[in-house]
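Open the model in your viewer and keep the selection tool at hand.

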Amino acid sequence: DLAREKLNDPNFDAIIDEQIKIIAETGATHVAIATPYDEEFLPFLTRWVSAARRHNLSVWFRGNTSEWEGWFGYPRYTNPSDHHKDVYNFITLNSGLFREGDIFSPAPEPENGAIRDIWNSEQKREEFRNFIAASYKNCQGAMRAIGKSVKCGYFSTNGDVAREIFTKDLVSKAGNVVVIDHYVKTSKRLINDVIALNEKFDAPVMLGEFGAPIPDIN
């Protein structure tokens with residue numbers, strides 16, 4: 001959220017380094033970085049990635065183009081295929097950002113993007129599934145083009161989206177890992193939901209975000 005505000009503030013590097021250092025000291029292997037991929041924000045993203053490398057962390061690229069949700073005043077996509085093109089170009093034009101062991105999510109929280117009304121139409125749900133599968137394939141193609149062994153996928157969604165809209169076929173076409181951003185009232189519910197998704201899809205389940213209840217969610 002500070003990508004534009006701190007874009008030209010060299011003093012913010014101290015904050016970046018402090019945050020990354022604290023994360024590394026937990027024993028983490030990766031740090032999730034969600035700075036947008038637009039050219040405007042590339043210098044800011046690079047500062048975060050460089051700090052991660054200094055502290056020997058791999059990166060989970062969990063950002064997106066600003067056009068996905070209309071961040072920072074950018075117009076939202078009207079054609080989802082434009083997203084594939086922009087992600088491919090971002091990866092292939094910035095190969096130096098990536099290293100073996102990184103993770104790249106082409107469209108985290110995909111239900112918030114260009115394909116709307118997925119709860120109201122089976123046609124939209126199928127369009128949504130096809131987009132995710134195509135997004136995964138597009139990311140893999142871009143990583144092959146730059147010769148980097150980076151894991152694609154990890155499409156973090158709300159738990160109900162994973163449970164009700166994902167299918168076993170889609171999971172197999174999108175990296176075979178289910179990632180949920182899950183905020184529920186009890187740890188017991190959290191555990192039960194993870195187990196249920198694991199059993200439904202026969203795939204690992206990862207918590208992209210989790211925590212205590214948020215008043216306007218539950």
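Which residues does N138 touch, not counting residues up to four places away in sequence? Select N138 and look: H84, V87 and Y88 are the ones it touches, where contact means heavy atoms within 4.5 Å. N138 sits in helix α4. N138 is buried, at a relative accessible area of 17%. Buried means under 20% relative accessible area, exposed over 50%, and partly exposed in between, with a 1.4 Å probe and protein chains only.

Before going on, two notes on the model. This is a predicted model, in which local features need pLDDT of at least 70, side-chain atom pairs count only at pLDDT 80 or more, and totals for chains, interfaces and linings use all residues. Residues are numbered from 1 along each chain as its sequence is written, and side-chain values use heavy atoms, with hydrogens and water left out.

Centre on I91. Leaving aside neighbours within four places in sequence, I91 is in contact with F98, F104, C139, A142, M143 and I146.

**F166**

Select F166, in the loop between α5 (159–164) and α6 (168–173). F166 counts as buried, at 7% relative accessibility. Show its contacts: F128, I132, F155, T157, V161, V171, K200 and F201, not counting residues up to four places away in sequence. Then draw a distance to N176. F166 and N176 are 10 residues apart in sequence and 11 Å apart in space, C-alpha to C-alpha.

**Two positive phi values**

Most residues other than glycine have a negative phi. Go to F72, where phi is near 55°. F72 lies in the loop between β2 (58–61) and α3 (80–93). F72 is partly exposed, with a relative accessible area of 28%. Then go to D117, where phi is near 60°. D117 is in the loop between β3 (103–104) and α4.

**The whole chain**

Switch to cartoon. The protein chain has seven helices and seven strands. Helices (H or I, at least four residues) and strands (E, at least two) are DSSP runs, numbered from the N terminus. Read along the sequence, the pattern is α-β-α-β-α-β-α-β-β-α-α-β-α-β.

Zoom out. The C-alpha atoms fill a box of roughly 45 × 40 × 35 Å along the principal axes. The radius of gyration is 17 Å, which agrees with the value near 17 Å for a compact globule of 218 residues. That radius is taken over C-alpha atoms, and the globule rule is 2.2 Å times the number of residues to the power 0.38.

Of the 218 residues, 43% count as buried. Among contacts between residues at least 6 apart in sequence, 73% join residues at least 24 apart.

Finish with the charges. Colour the 25 positive and 31 negative side chains; Lys and Arg count as positive and Asp and Glu as negative, with His and the chain ends not counted. The centres of the two sets lie 4 Å apart, each charge being placed at NZ of Lys, CZ of Arg, CG of Asp or CD of Glu.
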